[in-house]
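Subject: Structure handover: ligand site, pockets and cavity

Hello,

Please find the structure below. My notes on its pockets, its cavity and its ligand follow.

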Amino acid sequence: MAVTDTATGRRTPDRYPTRIADRPLLIDRAEPAVWSNDPGLLSADDLASHQRDGFITVPQLLTPDEVTLYSAELDRLATNAGVKADERTIVEKTSQQVRSVFEVHKLSDAVAKLVADERVAGRARQILGSDVYVHQTRINYKPGFGGGGFYWHSDFETWHAEDGMPSPRAVSISISLTENFAHNGCLMIMPGSHRTFVSCVGETPADHYKESLREQEIGTPDRESLTTLADAHGIQMLTGAAGSATLFDSNCMHGSGSNITPYPRSNIFVVFNSVENTLVEPFSAPSPRPTYIGARDFTPLPR
Ligand code: 6CS
Ligand code: FE
């Protein structure tokens, strides 16, 4: 199977078929997680653990003053009536609390500056071994007393099927702006799961992304595949102080629980894609998602 880019006529083979069969499949990943040994803020040990586990933790990425600055920005956006009414804002299923705001780097100059910061984009370039562009940014607020969880999934499975991302040569960074505890819905990752692509069952309905961003059902792995991966790799809880960060590979099996504590788990997520891995037509969806979820401006971030 392949997809043809209608703009260029370029045909791209589909090495990760998903949402096309009536039973799940486990496919060995062909590509590395780390694409260079370039020197930079990440040490050789950091790069080795990203290659092995699929993620790296950065205990302090932001200074306390920066945490204060970006937290104020998150509060401004969450309480801004225009932002709340914007199509890029997703509210919780069970309440009208803001769940996520997408394309936040276009809504906040401060976030745009952070995205391009060497501490953030530079680490992504080191891992991906190329120039990078922004595929997606979002704030996940996960408010106290009811912030919804995110069921197990591979981001790459969705970005491949619905956005047309050819290979898993993309990396996310989750920057914590509140303390991420085990009890308030921290990120959970199966270390090493990024080396296996789980092909999911169930065709992608047209225009289902809005609902999916509130509670994903299509593109979620079956329980047998999840059990196989959890038995093989275990589950690690990525806790950390405000200002800490986690870089994680696009194909990590990850999720997070709901938050019934009084303490919000608010993080900024930035997804960097390699300029060598730009989007083509969706591999398994009737049409691409809007560009505020899967960007189609492939302009590299300045070094
Ligand atoms: O579909 C997406 O692009 C978004 N959904 C999840 C559950 N994680 C990645 C991303 O934010
Ligand atoms: Fe995700």
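The lining of the second largest pocket has 6 nonpolar, 6 polar and 4 charged residues. Here Ala, Val, Leu, Ile, Met, Phe, Trp, Tyr, Cys and Pro count as nonpolar, Asp, Glu, Lys and Arg as charged, and the others, Gly among them, as polar. This pocket holds about 220 Å³ of space. It is lined by 16 residues, and His105, Lys106, Val134, Ala295 and Asp297 are the closest to its centre.

The model is predicted: local features need pLDDT of at least 70, side-chain atom pairs count only at pLDDT 80 or more, and totals for chains, interfaces and linings use all residues. Residues are numbered from 1 along each chain as its sequence is written, chains are lettered from A and ligands numbered from 1 in the order in which they are written, and side-chain values use heavy atoms, with hydrogens and water left out.

How pockets and cavities were found: a 1 Å grid was laid over the protein atoms alone. A cavity is a set of points where a 1.4 Å probe fits but cannot get out. A pocket is an open set with protein on both sides within 12 Å along at least five of seven lines. Lining residues have an atom within 4 Å of a point. Points are joined across faces, edges and corners, and a volume is the space filled by probe spheres set on them.

The largest pocket has a volume of about 620 Å³. It is lined by 36 residues, with Arg99, Phe150, His153, Leu213 and Gln216 nearest its centre. By class, that lining has 11 nonpolar, 14 polar and 11 charged residues. Strands E6 (98-102), E7, E8 and E14 (253-256) and helices H6 and H7 (209-214) each supply at least two of the lining residues. Helices (H or I, at least four residues) and strands (E, at least two) are DSSP runs, numbered from the N terminus.

What takes up the space of the largest pocket? Ligand 1 does (more than half of its atoms lie within 2 Å of the grid points). Strand E7 (132-140), strand E8 (150-154) and helix H6 (155-163) each give two or more residues to the ligand's shell. H6 gives the most, with 3 residues.

The shell (a heavy atom within 4 Å) is Gln136, Arg138, Phe150, His153, Asp155, Thr158, Trp159, Leu213, Gln216 and Arg289. It divides into 3 nonpolar, 4 polar and 3 charged residues.

A polar side-chain atom of Arg138 lies 2.8 Å from an oxygen atom of ligand 1. Asp155 has a polar side-chain atom 3.0 Å from a ligand nitrogen.

There is 1 cavity of 30 Å³ or more. The largest cavity holds about 70 Å³ of space. Its lining residues divide into 6 nonpolar, 3 polar and 3 charged, and Arg289 is among them.

Best wishes

Definitions and conventions: A polar contact is a pair of N or O atoms within 3.5 Å; within protein, one must be able to donate a hydrogen and the other to accept it, and residues adjacent in sequence count only if both atoms are side-chain atoms.
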